Amino acid sequence: MEFPADQSVQGLFRTAQVYSSENPMLIIGAALGAVVLAVSLWLVVRWIRRPMGARLKRALAKRDEIVVLMHPNPDPDAMACAIAVAYLAETVGTETTLQYSGQIRHQENRAFRTILDIETERVKHVTDLTASTIVLVDHNTPRGFDGAERIEPYAVIDHHPGNGTGEVFTDKRTNYGACSTIVAEYFGELGATPVGPDEIPPEDEFVLPTNIATGLLYGIQSDTKHLTNGCSEAEFASSAYLYQGVDEHRLDRIANPQVSAEVLEIKSRAITEREVRGSFAVCNVGELTNVDAIPQAADELMQLEGVTAVVVYGQREDTIHLSGRSRDDRVHMGKALQSAVAEIPGADAGGHARMGGGQVPIESAVVAGGMEVGLWTNREFTDGIFDALNGNV
């Protein structure tokens with residue numbers, strides 16, 4: 001015998017009423033459980049939607065002191081991110097030390113540090129780190145000093161490819177042209193007002209000081225060739241946000257530092273002694289003391305009409321330093337340089353599609369070439385680079 005549907009529903013409702021009257025505590029518990037579940041879901045959704053700037057600020061507030069670790073040879077993008085993260089840490093009462101393992105040689109990088117009065121410390125061994133909590137900026141894997149491989153970063157902020165992550169905070173955006181763009185967005189999300197050099201900071205308002213705004217803007221400019229290469233929409237938006245706080249006088253001094261005679265000589269050598277095959281150019285500039293002249297020479301060589309990809313290399317002490325540039329869609333420079341040195345023990349190279357770099361131990365290159373040290377002329381090395389640019393490896 002079948003019952004009408006409405007009678008079945010009424011029967012279930014009466015059964016529920018009887019059950020609830022006989023088991024009130026169970027019903028109350030179920031209701032409380034539903035409320036707890038709803039609140040938990042709301043908190044999870046809120047956390048997922050929480051801006052990255054707020055997440056980083058909260059993570060920094062949980063530590064008494066941190067080290068902001070830059071990559072071995074810090075450029076303006078890395079240094080700008082470092083001073084910005086240090087400032088954010090300062091706002092939550094966290095002490096910060098800026099450290100790096102290599103050298104600051106390029107005249108632009110030295111001017112950036114001097115003009116913005118950035119205090120940094122060198123680290124040669126993991127024991128030189130001033131705190132156990134490490135925040136990596138503009139790279140995602142610690143390197144360049146003894147014991148670096150043992151470090152587990154607390155936070156990572158980067159725009160380069162790689163597998164490194166932070167224990168508590170990770171923000172890697174490989175589609176961005178500069179790490180400074182990411183950090184600038186944090187301050188925008190937190191409602192910070194950029195304040196210019198002649199302005200009086202508003203009371204009881206979260207501000208972005210002019211030195212931080214100037215540094216971040218130049219960090220974006222330097223990593224994107226003044227917003228002409230490798231940009232995303234975010235670079236332009238962040239530049240517009242930072243602009244009202246920029247010190248134009250200091251920005252000009254950073255962008256136009258004095259250049260050493262050696263840098264000019266290396267640039268000249270790269271142009272006059274280049275070897276061109278098709279639309280690719282390679283030049284060995286020989287021995288030098290300032291390896292930062294090599295990427296500058298590559299930039300200069302890239303300006304030649306008809307050239308779409310270049311690699312410049314030179315020798316400092318027992319190491320060959322390479323730098324490459326490409327505006328050729330057929331050439332992923334980072335991968336090309338990796339291929340060029342793949343068979344050389346101890347060599348390291350890589351980078352982005354448009355630019356890359358690397359180092360090669362001289363002795364390893366000689367052994368890989370099957371020659372004696374005194375007979376090595378770099379010819380095979382140059383041929384290997386051309387092969388890599390042509391995709392023949």
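Tutor: A nonpolar core is a set of buried Ala, Val, Leu, Ile, Met, Phe, Trp, Tyr and Cys residues joined through side-chain atoms within 4.5 Å. Buried means under 20% relative accessible area, exposed over 50%, and partly exposed in between, with a 1.4 Å probe and protein chains only. This is a predicted model, where local features need pLDDT of at least 70 and side-chain atom pairs count only at pLDDT 80 or more, while totals for chains, interfaces and linings use all residues. Residues are numbered from 1 along each chain as its sequence is written, and side-chain values use heavy atoms, with hydrogens and water left out.

Student: OK, how many residues are in the largest nonpolar core, and which have the most contacts inside it?

Tutor: The largest nonpolar core has 56 residues, and Val-137 and Ile-157 have the most contacts inside it. Helix 4 (residues 76-91) gives the largest share of this core, 12 residues. Helices (H or I, at least four residues) and strands (E, at least two) are DSSP runs, numbered from the N terminus.

Student: What does Ile-157 touch?

Tutor: Leaving out residues up to four places away in sequence, Ile-157 touches residues including Leu-56, Val-85, Val-137, Phe-169, Cys-179 and Tyr-186. Contact here means heavy atoms within 4.5 Å. There is also a second, separate core of 23 residues, which includes Phe-280, Ile-320, Leu-322 and Ala-388.

Student: Back to Val-137. What stands opposite Val-137 in strand 5?

Tutor: Ile-157 does. Strand 4 and strand 5 (residues 155-158) pair in the parallel sense over three bridges; two strands pair if DSSP finds at least two bridges between them. Strand 1 (residues 65-69) is also joined to strand 4 by three bridges, and these two run parallel. Leu-69 has Leu-136 as its bridge partner in strand 4.

Student: And the faces of strand 4, covered or open?

Tutor: Both faces of strand 4 (residues 134-137) are covered. Ile-134 and Leu-136 on one side are buried, as are Val-135 and Val-137 on the other.

Student: How many bridges between strand 11 and strand 12?

Tutor: Eight, in the antiparallel sense, between strand 11 (residues 309-316) and strand 12 (residues 319-326). Thr-319 in strand 12 is the bridge partner of Arg-316.

Student: Which side chains of strand 14 are buried?

Tutor: Along strand 14 (residues 355-361) the side chains alternate.

Student: How does strand 14 pair with strand 12?

Tutor: Strand 12 and strand 14 pair in the antiparallel sense over seven bridges. Ile-320 has Val-360 as its bridge partner in strand 14. Strand 13 and strand 14 also run antiparallel, joined by four bridges, and they form a hairpin with three residues between them.

Student: Now the helices. At what angle do helix 5 and helix 9 pack?

Tutor: Helix 5 (residues 107-115) and helix 9 (residues 248-255) pack at an angle of about 150°, with their axes 8 Å apart. That makes helix 5 roughly antiparallel to helix 9, since angles under 35 degrees count as roughly parallel, over 145 as roughly antiparallel, 65 to 115 as roughly perpendicular and the rest as oblique.

Student: Which residues make the contact?

Tutor: Glu-108, Ala-111, Phe-112 and Ile-115 of helix 5, with Arg-250, Arg-253 and Ile-254 of helix 9.

Student: Last one: where is Arg-50?

Tutor: Arg-50 is in the loop between helix 2 (24-49) and helix 3 (52-61). Arg-50 is partly exposed, with a relative accessible area of 26%. Not counting residues up to four places away in sequence, Arg-50 touches Arg-55 and Arg-58.

Methods: Axes fitted to C-alpha atoms, helices over the stretch in contact; angles between N-to-C directions.
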